[in-house]
Amino acid sequence: MARDSAIPPESFEEILAWLNPNRDVAAAMYVQLRQDLARMFIWGRCADPEGMTDEAFDRVAKKVHAVRPTYEGDPRLYFRAVANNLIKENHKKIKTQLSIDDIDLPEPPITETEDEAAADIEECLQLCLQKLSPNKRELIISYYAKEKQAKIDHRNELAQKFGITVETLRVRVFRLRESLAECIERCLKRKRK
Amino acid sequence: MKEEILTDAVLREFLLGKVNDEDGARIESLFLTDPEAREKVLVIEQELIEDYLEDSLNAEDCEKFLLRYGQTPAQLQQLRISKAIKEWAVRENASLAVPGGTSIFQRLRAGLWMRPVFVVPIAVAVIIVTVFVGDWLNVRMKHAAIQQELAQLNTLASLREVPPQLVSMELRPIAVRSLERVSEFKKSADVQTVELRLPWIQKEHYPTYQAEIRRVSGDESFIIPNLPAKTDSLTTIRLRLPTRILSRGQYQIRLSGIDSGGALGLTEEYAFMVDG
């Protein structure tokens, strides 16, 4: 279950200072690091990536004062090491635990039906699409025009048409799609409140 | 060094949990500290999700994918969102591809047909086409015969009868691909017809439905129109198929509602495996 992280303010400030001397930059790095660690927990097949991310930050917070002065290298790699230990512990726990009461269960499933979920997403998608410029909408439409094998040739042609490499096209569509998905998620959150 | 490990192929393996610990650690470290590497990993992750939604992953990868991306409600929501965006784009594409424009062939014909230099190549092409047209016609006729047989097998009158050597199987819609395995049908000599029961979970209901069935990785599809729905507590559409037209592999069914004006309505998708 995701829980509120209980990092004391002084440890939080020390983590920010460790990430970057500029507080604004550090704050942005902190937010991204949270997202990235949550992704690592997904790759590590953990049932509660958000809760595990909180736990990782809690553990770093407890040690940051002692570790920071002597640690060499990018501090995000220290977080990675902590996250990896947590993943290992999690796997061990699942293997050895006998009682389901002791397992950290993921959030209970959303109670809405599949139909309702699809309808909500569709509604939010339409709202978010309105915020995109016609050019961006067209780019997504063209990018997803073909499926399976045909899409490779199609995307090469599309990149040529725009005068960019396929790599650049992929990244451009990725960013666009990410912002669209984030908009949909925010919209869904508002709807469920 | 960095480029070596950040290839599409290695990153796909990594995201499916198929790389060794050492490579995994290198990729994770780059993911956390190098913005370019991070974006690359996320692009590949998005493409992996796309492949999953297109049913392009093999069974092993599909299982590994679901263990990572189909476990929690939040992950399922992510998949639903990806699916919705993709489906919207496909719908928009379909509506943009309206008939009536000048086709490539028409433009070519207008530009080339009257020039003498093209007469010989065109004549050669005509001969080649003539040679192949016989085979093509055979294939088309066979296809039309199966199409007709399917239509006959699925009329209201035929569906009221229960022929011998029929087995029935319920498929679940791929609203968002659930964690369940794809239903499997084992072919055997004593089963001649399989009846697929397709629950319709959309809110909209229609007077009739149309099913399009095709084998994944095949390019032939059959359309069965005018399927009636059976409504008890749940609307179900039955689709009967002669087992001899099925071969080993995965099949996909697109079921669409047909409104009273004959226009296609909402669509639901189903999948099943044929073995034996």
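Let's start with a definition: helices (H or I, at least four residues) and strands (E, at least two) are DSSP runs, numbered from the N terminus. Hello everyone, and keep that in mind as we go.

What you see is a predicted model, in which local features need pLDDT of at least 70, side-chain atom pairs count only at pLDDT 80 or more, and totals for chains, interfaces and linings use all residues. Residues are numbered from 1 along each chain as its sequence is written, chains are lettered from A and ligands numbered from 1 in the order in which they are written, and side-chain values use heavy atoms, with hydrogens and water left out.

Let's look first at where the two chains meet. The contact (heavy atoms within 4.5 Å) takes 56 residues from chain A and 52 residues from chain B. How much area do chain A and chain B bury between them? The value is about 4,800 Å², with 56% of it on carbon and sulfur atoms. Buried area here is the accessible area (1.4 Å probe) that two parts lose on being put together, summed over both.

Now for the charges. A salt bridge is a side-chain nitrogen of Lys or Arg within 4 Å of a carboxyl oxygen of Asp or Glu. By this rule there are 36 salt bridges over all chains, and the count between chain A and chain B is 12. One of the pairs is A:R80 with B:E28, whose closest N and O atoms are 2.9 Å apart.

Which helices of chain A does the partner touch? On the side of chain A that touches chain B, at least two residues each come from α2 (23-43), α4 (75-96), α5 (114-130), α6 (134-143), α7 (150-162) and α8 (166-192). The largest share, 14 residues, is supplied by α8(A). Sorted by type, that side of chain A has 28 nonpolar, 4 polar and 24 charged residues. For the sorting, Ala, Val, Leu, Ile, Met, Phe, Trp, Tyr, Cys and Pro count as nonpolar, Asp, Glu, Lys and Arg as charged, and the others, Gly among them, as polar.

Here is another pair to find on the screen: the side chains of B:E50 and A:R155 meet in a salt bridge of 2.6 Å, N to O. Are B:E50 and A:R155 buried or exposed? Both are buried, where buried means under 20% relative accessible area, exposed over 50%, and partly exposed in between (1.4 Å probe, protein chains only).

Next, the nonpolar cores. A nonpolar core is a set of buried Ala, Val, Leu, Ile, Met, Phe, Trp, Tyr and Cys residues joined through side-chain atoms within 4.5 Å. The largest has 54 residues, and those with the most contacts inside it are A:L37, A:F41, A:F79 and B:F65. Helix α2(A) gives the most to this core, with 9 residues. Not counting residues up to four places away in sequence, B:F65 touches B:L16, B:L48, B:I49, B:Y52, B:L57, B:G70 and B:L79. Apart from that core lies another, of 28 residues, among them B:L150, B:L171, B:V191 and B:I224.

Let's zoom in on B:D275, found in strand β9 (residues 264-275) of chain B. B:D275 counts as buried because its relative accessibility is 18%. B:R248 forms a salt bridge with B:D275, the closest N and O atoms being 3.0 Å apart. The two are 27 residues apart, with B:R248 in the loop between β7 (235-242) and β8 (249-258) of chain B. At 55% relative accessibility, B:R248 counts as exposed.

Over in chain A, A:C124 is found in helix α5 and is buried, with a relative accessible area of 0%. How far apart in space are A:C124 and A:C187? They are 5.8 Å apart, C-alpha to C-alpha, and 63 residues apart in sequence.

Most residues other than glycine have a negative phi. B:D55, though not a glycine, has a positive phi of about 65°, and B:D55 lies in the loop between α4 (35-53) and α5 (59-69) of chain B. B:D55 counts as buried, at 12% relative accessibility. B:N226 also has a positive phi, of about 55°, and is found in strand β5 (residues 221-227) of chain B. B:N226 is exposed, with a relative accessible area of 56%.
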